[in-house]
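Dear colleague,

I am passing on a structure that you have not seen before, and below it you will find my notes on what was found. Please read them with the structure open beside you.

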Amino acid sequence: MSTVWLLLLGLVAYSVYKMCTTKMAVRLLRLIYEYRCKDYVKFIAEHKRLFAEAQAKGGNHAACTGHFYDLMAELIELYYGPSFHFAPPRYKGQNNDEALQDFHAKVAHLLQLAPGKKCLDLGCGVGGLLRDVGRESGASVTGITLSDEEVRIGNELNQSMGLGHICSIVKGNMQRLPFEESSFDAVYGVYTLKYLTQPELERTLQEVRRVLKPGGMFLVYCLMKTDKYDESNPEHRALISGFEYSCGMPALHYTKRMKQDCIQAGMTPLAHFDSSHDNLQWYTFFAENRLLRFLLTSRLIRTLMYVAEAVRILPAKFTEFMQIFIVNNVISIYKAGSMGIMSGSEYLIFQKPVAGPSH
Ligand SMILES: C[S@@+](CC[C@H](N)C(=O)[O-])C[C@H]1O[C@@H](n2cnc3c(N)ncnc32)[C@H](O)[C@@H]1O
């Protein structure tokens, strides 16, 4: 065998070895194993129907979002972990889990949480952030989310991690918060207000103001369009609208507009800053993860998946599901982030005025 062939064989063997020893590859294999029995034909068709219905009715995507997370919650938790958001590393080489922990501690700190205080997490997912905020600060944190599956998984994790006495998750729509007036010292929404368009966003911000105590703090951290986004640029439009479809959500908000809407709802702005800078960006996890991008975009892998579907090793439409809901999302985040048209690490911090009407 020629030296070139030997070298190539060595390279392939080394890549397979590296893949099998990384946490990411183990998670990916576990995910494919766990997710082999789902009905993707039904999921894709229902997503398409609910999304079209939401668009036609002028934007309330709650039904589409709830349906999306009922299937996706466990998948994201298995692959990415219990926090469905991104944060830039604080220093080069910091891993994603540590960057997220730092971000969670910062949220607790910025909201001045401490034992005895009460905090509300809007659209909490399975509660990775909520548990870290509770553990870090000792405050009690209640989460609200649309999906039954997120409530089930999240509350199981609260109990199994010994945090059931301060952390709980309820099912509900943040547009109508099932809580008394002035009952929370702080409220935050991380990667969640993007699911609301007008007038739902306005209604939700009014609800936030109602449940906050006078002087209480409100923190928004979200994926948003930046001023660099150009609606007349077909590439920009395709990237962002494809991402919106894959997430089952309405048009992304511009940062400026989100800030204005919070002010309009009667919140006093306290701070606005972006924690990404230079080569420490919120999408670093995807930018540096070349292996993941290769796995997701490789034609060879896609063909192998189609073959596995044909011989029924993988369920029907699994490849299409992967393309729309995983590959498209990862690639959109990476591309829109690198192009600077989408931001994902801006903090908007507000306070409910001490005097004046509560809503
Ligand atoms: C991208 S995930 C973020 C989850 C969590 N905040 C985190 O950062 O880990 C968006 C979450 O918002 C929830 N959500 C979307 N619209 C909602 C609504 N109208 N009311 C309550 N939760 C909602 C979804 O169910 C999902 O849990």
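Asp185 has its place in strand β4, where helices (H or I, at least four residues) and strands (E, at least two) are DSSP runs, numbered from the N terminus. Before going further, please note that this is a predicted model, in which local features need pLDDT of at least 70 and side-chain atom pairs count only at pLDDT 80 or more, while totals for chains, interfaces and linings use all residues. Residues are numbered from 1 along each chain as its sequence is written, and side-chain values use heavy atoms, with hydrogens and water left out.

With a relative accessible area of 19%, Asp185 is buried; here buried means under 20% relative accessible area, exposed over 50%, and partly exposed in between, with a 1.4 Å probe and protein chains only. A polar atom of the Asp185 side chain lies 2.7 Å from the backbone nitrogen of Lys118, and a polar contact of 3.2 Å joins the side chains of Asp185 and Lys213. A polar contact is a pair of N or O atoms within 3.5 Å; within protein, one must be able to donate a hydrogen and the other to accept it, and residues adjacent in sequence count only if both atoms are side-chain atoms. Leaving aside neighbours within four places in sequence, Asp185 is in contact (heavy atoms within 4.5 Å) with Lys117, Lys118, Leu212, Lys213, Gly216 and Met217.

**The ligand**

Which residues are the closest to the ligand? Of the 20 residues that surround the ligand, the closest are Phe84, His85, Gly123, Glu150 and Val190; a residue is counted if one of its heavy atoms lies within 4 Å of the molecule. An oxygen atom of the ligand is 2.7 Å from a backbone N or O atom of Phe84, and a polar backbone atom of Gly123 lies 2.7 Å from a nitrogen atom of the ligand. For Glu150, a polar side-chain atom lies 2.8 Å from an oxygen atom of the ligand. Taken alone the ligand exposes 590 Å², and the protein buries 99% of that; accessible areas come from the Shrake-Rupley method with a 1.4 Å probe, and for residues only the protein chains shown count as cover. The shell around the ligand has nine nonpolar, nine polar and two charged residues, where Ala, Val, Leu, Ile, Met, Phe, Trp, Tyr, Cys and Pro count as nonpolar, Asp, Glu, Lys and Arg as charged, and the others, Gly among them, as polar.

**The nonpolar cores**

In soluble globular proteins, nonpolar side chains tend to be buried together. A nonpolar core is a set of buried Ala, Val, Leu, Ile, Met, Phe, Trp, Tyr and Cys residues joined through side-chain atoms within 4.5 Å. In this model the largest nonpolar core has 76 residues, and those with the most contacts inside it are Met72, Tyr188, Phe321 and Met342. Helix α14 (residues 318-339) gives the largest share of this core, namely ten residues.

A second, separate core of 25 residues includes Leu177, Leu212, Cys262 and Met267. Leu177, which lies in the loop between β3 (167-171) and β4, counts as buried at 4% relative accessibility. Not counting residues up to four places away in sequence, Leu177 touches Leu120, Leu122, Ile144, Glu207, Val208, Arg210 and Val211. Once residues up to four places away in sequence are set aside, Met72 touches Tyr35, Phe321, Phe325 and Ile326.

**Loops and backbone geometry**

The loop between β4 (184-190) and α8 (200-211) holds Pro199, and a cis peptide bond, with omega about 5°, joins Gln198 and Pro199. Tyr191 also has its place in the loop between β4 and α8; phi of Tyr191 is near 55°, a positive value in a residue other than glycine, and Tyr191 counts as buried at 5% relative accessibility. Lys317, in the loop between α13 (299-310) and α14, has a positive phi of about 70° although it is not a glycine, and at 35% relative accessibility Lys317 counts as partly exposed.

Finally, Ser275 is placed in the loop between β6 (268-274) and α11 (284-288) and is buried, with a relative accessible area of 18%. Ser275 touches Pro88, Tyr221, Ser345 and Tyr347, not counting residues up to four places away in sequence.

With best wishes
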